[in-house]
Amino acid sequence: MASPQSLTGLTGIGLLFVWCALALGPRRRPWLVGALAFGLSWLPVSGMTLAGYIRAVSSDLSVTSMALLTCAMAPQLGASSLGSRDEWRFVFRLVATGGLFLYPMVLGLGPFDPYTLGFAPTGLLALLALTAGLAWWRRYHVCLGAIVLSVLAFRLDLLESSNLWDYLLDPWLVLYAIYDLRPWRRNVQTTCEAASRPRRALRGSSA
Amino acid sequence: MQGSEARGVRVVWLALAIAVFAAAFHRAATVRTASSFHVGERSTRSPQIAEPIFEVGFASSGGTETVHSATAIEIAGGDLRAFWYGGSREGAKDVAIYSSVLDAETDRWGPEQQVTTREETQKDLARYIKKLGNPVVARDREGRLWLFYVSVSLGGWSGSAINARMSIDDGRTWSRASRLVTSPFLNLSTLVKGPAIHYVDGLLGLPVYHELLGKFSELVRLDEDARVVGKTRLSWGHSSLQPVVVPFDGERALALMRRSGRSPPRILATETRDAGRHWTAPRPTSVSNPDAAIAALRSQDGELLLAFNDSEHDRSHLTLALSSDRGQSWKNLYVLDPPTSVVAGTTRFAYPWLIQVTNGEFHLLYTWNRERIVHVRFNREWLLLNR
């Protein structure tokens with residue numbers, strides 16, 4: 001039996017399976033497609049689940065990634081679109097800024113290691129609380145929900161990491177945020193819009 | 001949505017956010033962030049006269065084609081338990097972590113046993129594991145043994161992560177593996193080689209190093225469940241690996257590092273005067289280093305003992321050196337001979353591990369030609385003879 005932290009990690013990979021299936025699979029019965037894809041991620045191959053193989057390479061997704069993936073899939077599962085175009089851009093700007101601050105230095109660029117700010121993260125939490133307050137003020141509930149869920153998961157130790165950064169960001173999310181915000185892109189297509197037209201979004205075409 | 005309903009939703013969001021942040025702030029405030037080093041008691045008794053001891057033997061029995069990276073710890077009864085990784089070749093899927101016990105009374109190594117395998121680690125961690133690597137054993141303040149060891153899921157050693165297993169019976173049985181998360185970048189490229197140190201508040205300090213884009217060293221603080229609760233960078237850039245941290249007292253410590261890359265072929269050193277919160281910029285020492293692992297400890301007499309390859313180019317010699325001034329200067333004591341008569345070919349000494357046990361004796365383990373783990377036992381009198 002996997003540890004609770006591993007279950008969270010595998011669930012994140014399962015969500016990726018669902019996202020891919022909804023984007024690439026048949027549009028009819030999306031709940032069934034999603035459930036099958038999630039089940040597929042737990043299929044054992046040579047003693048290891050498919051999600052376990054992906055997780056070995058991808059590491060665990062952040063809770064922010066899981067929350068945003070779920071929001072992005074909502075329209076395909078029959079719910080209304082979550083978050084306006086401005087809100088998603090706000091979220092991706094936050095993610096990209098955090099990633100560009102964090103990753104170069106943790107990889108050894110310079111003596112300062114910003115990752116240490118996430119172990120006893122009073123300062124980081126204060127910054128997040130301000131951001132959450134701003135999101136609440138501007139009615140950015142996707143952003144607020146992602147922050148609150150990440151902080152809650154950190155409090156409950158739901159990932160293997162005990163560092164708040166790992167609950168907030170992962171390199172895949174940062175890469176996607178940078179891709180989504182790319183300045184040379186014309187006619188910006190939001191992630192929610194992309195989610196409702198998944199095949200085009202996965203091919204990277206602009207709306 | 002009705003206006004009152006929307007206001008209600010906003011109030012719920014606000015209340016939820018406040019509650020979650022309050023709980024998280026509480027957790028953040030309880031994280032142990034700073035503590036002094038815990039340094040074992042120095043010997044205050046007058047040294048007893050003993051005969052010089054210097055013995056060489058094998059800790060591994062040749063059960064696997066290759067072995068590497070030994071680590072050892074004293075267990076009950078004064079016995080010594082050693083670990084290393086072995087298999088058909090480095091990086092092969094059959095590489096496992098092995099252990100053997102040196103009986104203090106008979107002075108003989110017991111049969112080597114498999115401690116953990118790639119498959120077992122994979123099952124425990126619920127992720128694919130390609131190969132296993134360096135182990136490091138440590139005892140925490142509660143007397144439990146921790147075995148930290150490297151695993152790789154993809155690529156070479158630069159794709160490593162560290163795993164931990166715990167034993168409450170001196171290494172006869174082990175808990176399931178857990179993963180140390182030491183980097184936010186896919187938790188890639190963290191390895192262990194040097195012995196752990198202790199903090200007064202019960203945390204373990206584990207020296208680690210990274211070798212993905214940069215090559216640099218860190219000191220990671222682990223709580224009672226081996227979860228990473230803090231870390232400090234010992235160096236940065238592209239030139240320092242495999243740190244060995246030697247605390248002198250609660251606040252001061254010296255870290256020695258393997259040099260790598262383009263830096264001068266010397267062991268690198270950095271120091272702290274505030275229990276590891278800050279470290280000086282690494283400086284090259286006078287001691288040669290051919291991009292090879294080193295071992296160091298502070299003896300019960302307070303002197304530093306170092307095992308290293310005294311060469312700028314290769315690992316053909318292993319030398320013991322002593323420092324009486326906390327690593328400012330070193331005096332070479334002894335150059336170890338190969339453990340057997342080498343008829344032809346080169347002989348390589350690698351990955352030394354030093355430990356001083358309760359009775360004052362020193363044990364040195366190292367990899368010889370990747371074929372055997374060599375064990376050298378010596379005492380203070382032998383050291384004095386070679387000064």
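What is the mean pLDDT of chain A, and what share of its residues reach 70 or more? The mean is 88, and 88% of the residues of chain A reach 70 or more. The model is predicted.

**Confidence in chain A**

- Helix α8 (residues 164–168) of chain A has the highest confidence in that chain, at a mean of 98.
- Confidence in chain A is lowest in helix α11 (residues 198–202), where the mean is 41.
- Over residues 196–207 of chain A, pLDDT stays under 50. For this stretch the model has 28 contacts beyond four places in sequence.

**Fold of chain A**

- Chain A contains eleven helices and two strands.
- Along the sequence, the elements of chain A follow the pattern α-α-β-β-α-α-α-α-α-α-α-α-α.
- Chain A has 207 residues, of which 56% count as buried.
- Among contacts in chain A with a separation of 6 or more, 68% are between residues 24 or more positions apart.

**Interface of chain B and chain A**

- The size of an interface is often given as the accessible area lost when the parts come together.
- About 4400 Å² is buried between chain B and chain A, and carbon and sulfur atoms give 66% of that area.
- On the side of chain B, Arg10(B), Arg27(B) and Pro184(B) lose the most area to chain A. Together these residues make up 17% of what that side buries.
- Chain A brings 57 residues to the contact, and chain B brings 44 residues.
- Six salt bridges are found across the interface of chain B and chain A.
- The interface also has 15 residue pairs in polar contact, with both residues at pLDDT 80 or more.
- On the side of chain B that touches chain A, the elements giving two or more residues are α1 (3–30), α2 (118–125), β15 (215–222) and β16 (228–233) of chain B.
- Helix α1(B) provides the largest share of that side, with 13 residues.

**Salt bridges between the chains**

- Asp60(A) pairs with Arg127(B) in a salt bridge whose closest N and O atoms are 4.0 Å apart.
- A network of salt bridges links Asp60(A) and Arg127(B) with Arg55(A) and Glu160(A).
- Asp113(A) and Arg233(B) form a salt bridge through their side chains, at 3.6 Å from N to O. This pair joins two chains, because Asp113(A) lies in the loop between α5 (85–106) and α6 (122–137) of chain A and Arg233(B) lies in strand β16 of chain B.
- Both Asp113(A) and Arg233(B) are buried.

**Salt bridges within chain B**

- Over all chains, the structure holds 29 salt bridges.
- Arg377(B) and Glu55(B) meet in a salt bridge of 3.0 Å, N to O. Arg377(B) is in strand β27 (residues 372–378) and Glu55(B) is in strand β2 (residues 54–58) of chain B, so the pair ties together parts that are 322 residues apart in sequence.
- Arg377(B) is buried, at a relative accessible area of 12%, whereas Glu55(B) is partly exposed, at 33%.
- Arg144(B) and Asp140(B) form a salt bridge in which the closest N and O atoms are 2.8 Å apart. Arg144(B) and Asp140(B) are both buried.

**A buried aspartate without a salt bridge**

- Asp169(B) sits in the loop between β10 (160–167) and β11 (178–180) of chain B.
- Asp169(B) is buried but has no salt bridge. The nearest side chain of opposite charge is that of Arg172(B), 4.5 Å away, and a salt bridge needs the atoms to be within 4 Å.
- The side chain of Asp169(B) does make a polar contact of 2.8 Å with the side chain of Ser167(B).

- Arg139(A) is not a glycine, yet has a positive phi of about 60 degrees. Arg139(A) is located in the loop between α6 and α7 (141–155) of chain A.
- Gln242(B), also not a glycine, has a positive phi of about 45 degrees. Gln242(B) belongs to strand β17 (residues 240–247) of chain B.
- Gln242(B) counts as buried because its relative accessibility is 1%, where the cut-off is under 20%.

Notes
Residues are numbered from 1 along each chain as its sequence is written. Chains are lettered from A and ligands numbered from 1 in the order in which they are written. Side-chain values use heavy atoms; hydrogens and water are left out. Helices (H or I, at least four residues) and strands (E, at least two) are DSSP runs, numbered from the N terminus. Buried means under 20% relative accessible area, exposed over 50%, partly exposed in between (1.4 Å probe, protein chains only). Lys and Arg count as positive and Asp and Glu as negative; His and the chain ends are not counted. A polar contact is a pair of N or O atoms within 3.5 Å; within protein, one must be able to donate a hydrogen and the other to accept it, and residues adjacent in sequence count only if both atoms are side-chain atoms. pLDDT is the predictor's confidence in each residue, from 0 to 100. Contact means heavy atoms within 4.5 Å. Buried area is the accessible area (1.4 Å probe) that two parts lose on being put together, summed over both.
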